[in-house]
Amino acid sequence: MKKNYDAIIIGSGIAGMTAAIYLKRGGLNPLIIEETVPGGQLNKINMIENYPGFTKTDGPTLAAEIFSQVRNLDIEFLFDKVTSTELNDDLKKIVVGENTLYCKYLIIATGRLSKKLFDNDDRYIGKGISYCALCDGNLYKNKNVVVVGGGNSAMEEALYLSDICQKVTVLVRGTQFKGEESLIERVKSKNNINCMYNSSISKYNIENNQLVSIQLDSGENLETDGLFVSIGSVPSADIFAVEKEKGFIVVDDECMTNIENVYACGDVIKKSVYQLTTAASEGTIVAYSIIKKIKKQN
């Protein structure tokens, strides 16, 4: 594998892939490093109705279309996990498995990770607990499931599952949903979606290493075939020694961090609006900033 790159992009969500496309078209040779699958959180979105150019699409389809553009440009892609970074030198050091890579410009586009209810949640993923209805919904066809969360993501999960499962119970911690009114109306119109407000989970009930029910703060036990956790997300930025605020990376108007030539874009940065359109625009801003800097040096 080549050791030195013009730019390395960590993360292949819409922001990271957009940056790669613009960098390649600008004459650079970037590398994208992705731990899972191209598209990141896009692959968990069932329905997209607010992305320009698409009356209606779904996350995996949009991710595949963007990844196709990346492939058509012969942009190098590495599927592996970044374990550490050293960012203060002129050449940024990226350790990936047994490989050590270097680049002049680093773009952090690692997005966000789903919040967990309890520290041991990972033990039961695939054993009754899921963070993605689109990924795992078909495993619960004609069964009863629970969705926990009160925002847009939880409502979208519930709506998707309502077309697959016999019954969907949504646990909302507050007195009402916090999200788009159109989604709230759709959830309330579904006959097989039951909403329980002022409800929180205090305990999982596990039998034979499988979730069988959940205990609510009220003491009530609620039997379920599956639990879908949708209580928000946190930025995936722990391994990067850059300035942060509440875990989110702080950037300037050109999406550069407090370290020269280290950029960040997408859901991992501190900003006021988290949408696919803003992520794509930030990827564009990063790429043009790097290209402009290189042209000045030449």
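**Core, helix packing and salt bridges in a predicted model**

Ser289 is found in helix α6; helices here are DSSP runs of H or I with at least four residues, strands are runs of E with at least two, and both are numbered from the N terminus. This is a predicted model, in which local features need pLDDT of at least 70 and side-chain atom pairs count only at pLDDT 80 or more, while totals for chains, interfaces and linings use all residues. Residues are numbered from 1 along each chain as its sequence is written, and side-chain values use heavy atoms, with hydrogens and water left out.

Back to Ser289: with a relative accessible area of 3%, Ser289 is buried (buried is under 20% relative accessible area, exposed is over 50%, partly exposed is in between, using a 1.4 Å probe and protein chains only). Leaving aside neighbours within four places in sequence, Ser289 is in contact with Glu254 and Tyr263, where contact means heavy atoms within 4.5 Å. Asn4 sits 285 residues away from Ser289 along the chain, and the C-alpha atoms of the two are separated by 20 Å.

Helix α6 also turns up in the largest nonpolar core. The largest one has 36 residues, and Leu23, Ile107 and Ile290 touch the most other members. At least two residues of this core come from each of β1 (4-10), α1 (14-25), α2 (59-72), β6 (99-108) and α6 (276-297). The top contributor is α6, with 8 residues. As for Ile107, not counting residues up to four places away in sequence, the residues touched are Ile8, Ile9, Ile10, Ala19, Leu23, Tyr263, Cys265, Val286 and Ile290. Another core, of 23 residues, lies apart from this one, and Tyr5, Val82, Leu101 and Ala237 are among its members.

Next comes the packing of α1 against α6. Two packed helices are described by the angle between their axes and the distance between the axes. For α1 and α6 the angle is about 35° and the axes are 7 Å apart; axes are lines fitted to C-alpha atoms, for helices over the stretch in contact, and angles run from 0 to 180 degrees between N-to-C directions. The crossing of α1 and α6 is right-handed, the label used if the near helix is turned clockwise from the far one by less than a right angle, with anticlockwise being left-handed. On the α1 side, Ile14, Ala15, Thr18, Ala19, Tyr22 and Leu23 take part, and they meet Leu276, Ala279, Ala280, Gly283, Thr284, Ala287, Tyr288, Ile290 and Ile291 in α6. By type, the residues of this contact are 12 nonpolar, 3 polar and no charged (Ala, Val, Leu, Ile, Met, Phe, Trp, Tyr, Cys and Pro count as nonpolar, Asp, Glu, Lys and Arg as charged, and the others, Gly among them, as polar).

On to the charged residues. Side chains of opposite charge can pair when their charged atoms come close. A salt bridge is taken as a side-chain nitrogen of Lys or Arg within 4 Å of a carboxyl oxygen of Asp or Glu, and by this rule the count comes to 11. One of them joins Lys104 and Asp90, at 2.5 Å from N to O. Lys104 lies in strand β6 and Asp90 in the loop between β4 (82-86) and β5 (92-96), so this pair ties together parts that are 14 residues apart in sequence. Lys104 is partly exposed at 24% relative accessibility, and Asp90 is partly exposed at 49%.

Another salt bridge pairs Asp163 with Lys190, at 2.7 Å from N to O. This pair links distant parts of the chain, 27 residues apart: Asp163 is in the loop between α4 (152-162) and β10 (167-171), and Lys190 is in the loop between α5 (181-189) and β11 (193-196). Asp163 counts as exposed, at 61% relative accessibility, whereas Lys190 is partly exposed at 26%.

Glu282 pairs with Lys271, and the closest N and O atoms are 2.9 Å apart. Glu282 lies in α6 and Lys271 in the loop between β19 (262-264) and α6, so the pair ties together parts that are 11 residues apart in sequence. Glu282 is buried at 8% relative accessible area, and Lys271 is buried at 19%. Elsewhere, Glu49, Lys56 and Arg186 are linked in a network of salt bridges.

Notes:
Core = buried A, V, L, I, M, F, W, Y, C linked by side-chain atoms within 4.5 Å.
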